[in-house]
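Here is a friendly walk through one protein model, meant to be read with the structure open beside you. Let us take it one spot at a time.

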Amino acid sequence: MRTQRQVVDYSLRKRAVLRELLAGRVGTYDVCDASPYLKNAARFHGEPTEERCPICRSENLTHVHYIYGDELKQSAGQARTLTELPVLAMTLCEFQVFVVEVCLGCDWNHLVEQYLLGRDGLAGDTEAGAEQGAVGGTAASVAGAGPAIRRRREAQR
Ligand SMILES: [Zn+2]
């Protein structure tokens with residue numbers, strides 16, 4: 001997408017979780033804890049992928065795109081299909097997208113990446129970094145993913 005910026009990739013964190021699991025330091029019940037809301041979002045707004053679930057290896061992962069930002073008003077925190085995002089990106093100045101992968105077979109879920117979309121990205125990215133402080137706070141509030149990630153961090157200590 002043309003206006004995509006400030007991308008944060010969580011694949012390293014995911015690999016760390018899978019290592020912990022392999023080593024037996026966390027159980028599958030710790031990482032396969034998708035909430036009913038997240039699973040519904042995956043069913044109705046999710047984007048099917050070709051990627052196999054790393055845990056059960058019997059289902060393909062579904063990507064759910066959550067959107068956050070002041071301009072979204074009451075839509076903030078909702079899941080959107082991938083095809084709806086470019087339309088929003090042309091209408092709004094700036095909003096945050098969180099991509100969560102979910103397995104509808106075993107309930108595995110993990111944050112994949114986050115990025116900013118919106119028309120502000122077209123006018124040159126001069127203010128990149130100004131919003132960095134706010135990004136961390138929003139990440140913790142992603143439905144279902146926040147508490148799970150915090151728990152996993154604790155397990156790594
Ligand atoms: Zn699975």
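## Starting at R80

R80 counts as buried because its relative accessibility is 17%; buried means under 20% relative accessible area, exposed means over 50%, and partly exposed lies in between, with a 1.4 Å probe and protein chains only. R80 lies in strand 4. Helices (H or I, at least four residues) and strands (E, at least two) are DSSP runs, numbered from the N terminus.

What does the side chain of R80 make a polar contact with? The partner is the side chain of Q78, at 3.1 Å. A polar contact here is a pair of N or O atoms within 3.5 Å; within protein, one must be able to donate a hydrogen and the other to accept it, and residues adjacent in sequence count only if both atoms are side-chain atoms. Leaving aside neighbours within four places in sequence, R80 is in contact with H45, H65, I67, S75, L85 and L88, where contact means heavy atoms within 4.5 Å.

## About the model

This is a predicted model, in which local features need pLDDT of at least 70 and side-chain atom pairs count only at pLDDT 80 or more, while totals for chains, interfaces and linings use all residues. Residues are numbered from 1 along each chain as its sequence is written, and side-chain values use heavy atoms, with hydrogens and water left out.

## The overall picture

Six helices and six strands make up the list of elements in the protein. Along the sequence they follow the pattern β-α-α-α-β-β-β-α-β-β-α-α. Of the 157 residues in the protein, 42% are buried.

Among contacts in the protein with a separation of 6 or more, 65% come from residues 24 or more positions apart. The accessible surface of the protein is about 8,500 Å², and carbon and sulfur atoms account for 51% of that surface; these areas come from the Shrake-Rupley method with a 1.4 Å probe, and for residues only the protein chains shown count as cover.

## The zinc site

Which atoms coordinate the zinc ion? The SG atoms of C53, C56, C103 and C106 do so, at 2.3 Å. Donors are N, O and S atoms within 2.8 Å of the metal (3.2 Å for Na, K and Ca); water is not among the atoms, so sites may look incomplete. The site of the zinc ion is tetrahedral, with angles of 105 to 116° among its four donor atoms; four donors count as tetrahedral if all angles lie between 85 and 135 degrees. In sequence, the donor residues are spaced C-x2-C-x46-C-x2-C. Distant parts of the chain are linked by a pair 50 residues apart: C56 sits in the loop between strand 2 (47-52) and strand 3 (60-68), and C106 in the loop between strand 5 (95-102) and strand 6 (109-117).

C103 counts as buried because its relative accessible area is 0%, whereas C56 counts as partly exposed because its value is 28%. Elsewhere among the cysteines, C93 is partly exposed, with a relative accessible area of 28%. The structure holds zero disulfides, a disulfide being a pair of cysteine sulfur atoms within 2.5 Å.

## Helix 1: K14 and L22

Helix 1 covers residues 11-22, and K14 is found there. Is K14 buried or exposed? K14 counts as buried because its relative accessibility is 13%. The side chain of K14 makes a polar contact of 3.1 Å with the side chain of E51. Not counting residues up to four places away in sequence, K14 touches E51, P54, L61, E101, W108 and H110.

L22 also has its place in helix 1, but L22 counts as exposed, at 79% relative accessibility. The C-alpha atoms of L22 and I55 are separated by 9.9 Å, with the two residues 33 residues apart along the chain.

Most residues other than glycine have a negative phi. R57 is not a glycine, yet has a positive phi of about 55°; R57 is found in the loop between strand 2 and strand 3 and is exposed, with a relative accessible area of 60%. K73, not a glycine either, has a positive phi of about 55°. The place of K73 is in the loop between strand 3 and strand 4 (79-80), and K73 is exposed at 60%.

P48 lies in strand 2 and is exposed, with a relative accessible area of 66%. Not counting residues up to four places away in sequence, P48 touches L61 and T62.

Technical notes:
Four donors count as tetrahedral if all angles lie between 85 and 135 degrees; four count as square planar and six as octahedral if opposite donors are over 155 degrees apart and all others between 65 and 115; anything else is irregular.
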